[in-house]
Amino acid sequence: MIAGTTLSGRYLLADEIGRGGMGVVYRARDLLEDRLVAVKILKSDLMNDRALVERFQREATIAKGLRHPHIVGVLDHGQHAGHHYMVMELAAGDTLTLLMFAPMEASELIHIVTQLLDGLAHAHGAGLIHRDLKPDNIVVQHRPTGTFATLVDFGIAIRNVEIAGPRIDRLTGLDETVGTAEFMAPEQACGEAIDCRVDLFALGVISYALLAGMMPFDGSGVRVMIANMTTPVPPIWARAAVAVDPLLEAFTRWLLQKDRNARPASAMEAKRTLELIAHDRGEAARVLLARAEPRPCVLASLLASPSDIDFEPPTLRRMRSGVHPHVVKRESKPAG
C-alpha cells in the first residue's frame, strides 16, 4: 500500500508512522467521520499465511471490545484489494522508549505506571493478556494535566485462561513462546501456560528501567531473557548508582519476582499498592514488607518513621562522606 490509497472508499492513507513484525501502520483520514486515525495493514508477504491472517483478524475483533482511556481502541477492520487492515484510534505522542535513557522522578513514574496498570486491569478483566508489553507499545503524550500513557498493539494478545477459563478462540497457543525477549516473564520464556502476571513482570522491567535509566541486565535479547529466568535482580543503586525511593524499588522487585505466585495477583492489587506509596507510605511499607524480599531494613525503618527516611546508593554515599549505611536520617534543621 502507498500513501494516497483509499481503503474501502473510506480511509485515505497518508504517511507511514510505524512498522512491526506483522504490519505497517499509516496515519490516515476517515473520510466518513472526518477524523484522523491509524490504519494497520498486514504485510504483503504474510497475506497467504492463513494462520497469521486469522491472528490479525482476531486481534481486530477482540481489541474492538476494549474501551478504556489508557488503551488505544480498534474502530474498524476489513479487507481492500486482498489486503487485511484494521483501523485504530490515533494515539498522539511518542513511545515511552524516548523516556528510558535517564532516571525518572518518583512522582512521574507513579503517575505513568498507575495509568498503565489501570489499562491492564481493564484488558485482564476482559480476559486478555497483552504478552508483548514494552516501551515501544506504550505511547505517552504530554498534556497540561501531566503525562498521559496509552497501551497499544494487542497483536499477540491471548485470552487469559486463568481469568476466562480454557478457550479455543485464542490468537496463539498457550505454550507458544512469543513476545520480546528482554521483557518476558520466566514462565513465558519457557513456553509454559501463562496468565495476566506476565504483563506485570514486563511492567516491572519497564519500571526498573525508568527508575535506573537502564535495564536490569545488559546483553542481547536471549542473554537478558536467560538472566530474567535465573539471575537475581540487581539493586538499582548497584546498576546505576542513583538514589531511588526504597518503596518504589521494593514495588518494582515485587513485579519482577521469578515465581509468578510471588508477584501481585492482579493489576488492581499492584495499582492499589502504588497508590499507597503515593499517599500512605507507612501502610505501603507494611504491604511491601509482607510481600517483597529486598532491603527489609529500609522498609522496616519506614514503618517506624515513614516521613523522614532518605535512601542513597552506597556508591554515591561513599563519594559524599565515606559513610556506608543503608538508611540516612534527614536532618530537619542544621546541626547546632
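Student: Is R29 buried, partly exposed or exposed, and what is its relative accessibility?

Tutor: Bear in mind that we are reading a predicted model. R29 has a relative accessibility of 32%. Buried means under 20% and exposed means over 50%, so a value in between is called partly exposed. R29 therefore counts as partly exposed.

Student: Which residue forms a salt bridge with R29?

Tutor: The general idea comes first: side chains of opposite charge can pair when their charged atoms come close. Here the partner of R29 is D34, with the closest N and O atoms 2.9 Å apart. D34 is exposed, because its relative accessible area is 57%.

Student: Where does D34 sit in the fold, and what is its phi?

Tutor: D34 lies in the turn of the hairpin that β3 and β4 form, with four residues between the two strands. Its phi is positive, about 55°.

Student: How should I read the pairing of β3 and β4, and how many bridges does it have?

Tutor: Strands of a sheet pair through backbone hydrogen bonds, either parallel or antiparallel. In this model β3 and β4 run in the antiparallel sense, with eight bridges between them. On to the next pairing: I41 has Y85 of β6 as a bridge partner. Strands β4 (residues 35-42) and β6 (residues 83-89) are antiparallel too, and five bridges join them.

Student: What is the order of the strands in the whole sheet?

Tutor: The sheet is open and has six strands, in the order β1-β2-β3-β4-β6-β5, with antiparallel pairing. At the edges are β1 (6-7) and β5 (74-80), each of which pairs on one side only.

Student: Is β3 largely enclosed or open to solvent, and why?

Tutor: Six of the eight residues of β3 are buried, so the rest of the structure largely encloses this strand. On its other pairing, β2 and β3 are antiparallel over six bridges, and L13 stands opposite A28 in β3.

Student: Which salt bridge involves D15?

Tutor: D15 pairs with R27, and their closest N and O atoms are 3.0 Å apart. Since D15 belongs to strand β2 (residues 11-19) and R27 to strand β3 (residues 23-30), the pair ties together parts twelve residues apart in sequence. D15 is partly exposed at 33% relative accessibility, and R27 is partly exposed as well, at 30%.

Student: How many salt bridges are there in the whole structure?

Tutor: A search finds twelve. Among the residues involved, R10, D30 and R35 are linked in a network of salt bridges.

Student: What does the salt bridge between R281 and D245 link?

Tutor: Their side chains meet at 2.8 Å, N to O. The pair links distant parts of the chain, 36 residues apart: R281 is in helix α10 (residues 281-291), while D245 is in the loop between α7 (236-240) and α8 (246-255). As for accessibility, R281 is partly exposed at 24%, whereas D245 counts as buried at 17%.

Notes:
Residues numbered from 1 in each chain as written. Predicted model: local features only at pLDDT ≥ 70, side-chain atom pairs only at ≥ 80, totals over all residues. Heavy atoms only, no water. Pairing = 2+ DSSP bridges. Salt bridge = Lys/Arg side-chain N within 4 Å of Asp/Glu carboxyl O. Buried < 20%, exposed > 50% of the residue type's maximum accessible area, 1.4 Å probe, protein only.
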